[in-house]
Structure formats: structure tokens, C-alpha cells
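Subject: Structure for you to look at

Hi,

Here is the structure I promised to pass on. Please open it alongside this email, and my notes follow below.

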Amino acid sequence: MSTAAAPVRTLRAGTVLADLIPSSRARDIALVVGGAALTGLAAQISVPVPGSPVPVSGQTFAALLVGTALGARRGFLALALYAVAGMAGVPWFAQATSGYGMPSFGYILGMLLASTVVGALARRGADRSVLRTAGAMVLGSAIIYAVGVPYLALATGMTLGQAVAAGLTPFLIGDALKAALAMGALPAAWKLVGRKG
């Protein structure tokens with residue numbers, strides 16, 4: 001009888017992809033730990049940017065994907081675990097770093113907020129169509145920069161204009177590519193489980 005209840009659950013409003021897995025505390029813990037680990041692994045896909053203390057990495061994409069797939073609460077918890085473990089010394093920030101004294105730590109704080117916001121938007125269907133997914137990814141990226149760039153300026157003594165040039169401008173093309181990946185992947189995942197945007 002529990003197998004018959006699962007398809008009904010997928011049709012309810014406010015469902016995110018993670019809700020398609022049968023509910024339990026163990027599931028939620030596994031999703032949170034898995035989301036943190038995915039972000040840490042994606043952060044190791046990292047390329048230094050000349051003239052910037054912030055590398056191009058996969059962690060922003062992972063943070064937005066985690067928030068969207070897990071929802072606001074679990075997305076927040078996953079990114080909080082990622083941040084706290086990294087501050088405690090787990091070397092899973094970009095370029096296998098850890099701690100909170102680095103100039104790019106503001107981006108991690110921004111990812112925490114962004115994963116929460118895109119998770120809340122996903123509960124409202126923002127991951128079900130290409131255009132809505134694009135909007136959620138753009139908003140999530142903007143939140144990351146809104147926290148990360150001023151933090152970069154404060155941490156390095158750069159002016160805000162210098163921080164924008166070093167910590168935002170070089171990343172826009174990569175962010176567009178990450179958004180394009182999400183625009184294809186998330187609506188396709190819903191179609192695979194029988195949900196259409």
C-alpha cells in the first residue's frame with residue numbers, strides 16, 4: 001500500500017525532488033550530509049582566475065542544485081553543514097582549503113542563503129520548466145554575489161569596484177553555463193518522474 005501512496009505524493013503542490021524518496025529522519029539526514037558532500041566535491045573542480053583570490057569552481061552550481069533538489073530547509077542545513085565543517089578544518093572548500101579567514105568565505109555564506117531561497121522557489125515550482133529554473137538560478141547567483149563581493153572587498157581592502165572586477169565579472173560566463181545545465185537537468189528530472197512544468 002505504501003507504493004501506491006508515492007505517486008500521489010509527487011503530484012502535490014510544494015514537492016521538491018527529494019520528497020520523491022520515502023520520508024524518514026534517516027532520509028533527511030542522508031540528504032543533508034549528501035548535499036554537503038556534493039558541494040565539497042564540486043568545490044574541488046576549481047580553476048584559479050588570474051588577478052582574483054576567488055577561483056572558478058563547481059561549488060556554486062552544487063549549492064544551487066542542492067537547494068533546489070532538497071528544498072529550503074534541507075538545502076540550508078546541507079550548506080550550513082558544508083560551511084561549519086569547512087570552518088572546522090575539513091579541506092573541502094575550493095582548492096582544498098578550509099577556515100573562515102579567506103577572502104572568498106563570503107561566497108560560502110552567500111551560497112547558504114541562496115540555497116535556501118532557491119529551495120523555497122522550487123517548492124513553488126521554479127524547477128519544473130526551463131524559464132522558471134533559469135530565473136531561480138539567476139536569483140541564486142545574484143544572492144551569492146550580493147554577499148560574496150562585499151565580503152571580498154572588506155577582507156582584501158579592495159574598493160567595491162575592484163571587488164566586482166575581481167569577484168564577479170570573470171565568473172559571469174561560467175554562471176551562465178551552470179544555469180544552462182540546471183535549466184536542462186531539473187525540468188528533465190521532473191519529466192523522468194512523470195512531472196511536467
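Let me start with the cavities: the count comes to one cavity of 30 Å³ or more. By cavity I mean a set of points, on a 1 Å grid over the protein atoms alone, where a 1.4 Å probe fits but cannot get out. Please keep in mind that this is a predicted model, in which local features need pLDDT of at least 70, side-chain atom pairs count only at pLDDT 80 or more, and totals for chains, interfaces and linings use all residues. Residues are numbered from 1 along each chain as its sequence is written, and side-chain values use heavy atoms, with hydrogens and water left out.

The largest cavity holds about 100 Å³ of space, where volume is the space filled by probe spheres set on the grid points, joined across faces, edges and corners. Its lining (residues with an atom within 4 Å of a point) is made of T60, F61, L64, M137, S141, I144, Y145, D175, K178 and A179. Helices α3, α6 (130–156) and α8 (172–192) each supply at least two of the lining residues, and α6 gives the largest share, four residues. Helices here are DSSP runs (H or I, at least four residues), numbered from the N terminus. By class, the lining has six nonpolar, two polar and two charged residues. In this scheme Ala, Val, Leu, Ile, Met, Phe, Trp, Tyr, Cys and Pro are nonpolar, Asp, Glu, Lys and Arg are charged, and the others, Gly among them, are polar.

Next, a helix pair. The axes of α3 (residues 59–70) and α4 (residues 72–87) come within 6 Å and cross at roughly 145°; axes are lines fitted to C-alpha atoms over the stretch in contact, with angles from 0 to 180 degrees between N-to-C directions. On the α3 side, the contact (heavy atoms within 4.5 Å) is made by Q59, A63, V66, G67 and L70, and on the α4 side by A72, R74, G75, A78, L79 and Y82. Seven of these residues are nonpolar, three polar and one charged.

Finally, have a look at the loop between α4 and α5 (105–123), where Q95 sits. Q95 is not a glycine, yet its phi is positive, near 60°. A96 is in the loop between α4 and α5 too, and has a positive phi of about 55° although it is not a glycine. Q95 counts as partly exposed because its relative accessibility is 42%, and A96 is partly exposed at 44%. Partly exposed lies between buried (under 20% relative accessible area) and exposed (over 50%), using a 1.4 Å probe and protein chains only.

Best wishes

Key:
1 Å grid on protein atoms, 1.4 Å probe; cavity = no way out; pocket = protein on both sides within 12 Å on 5 of 7 lines; lining within 4 Å.
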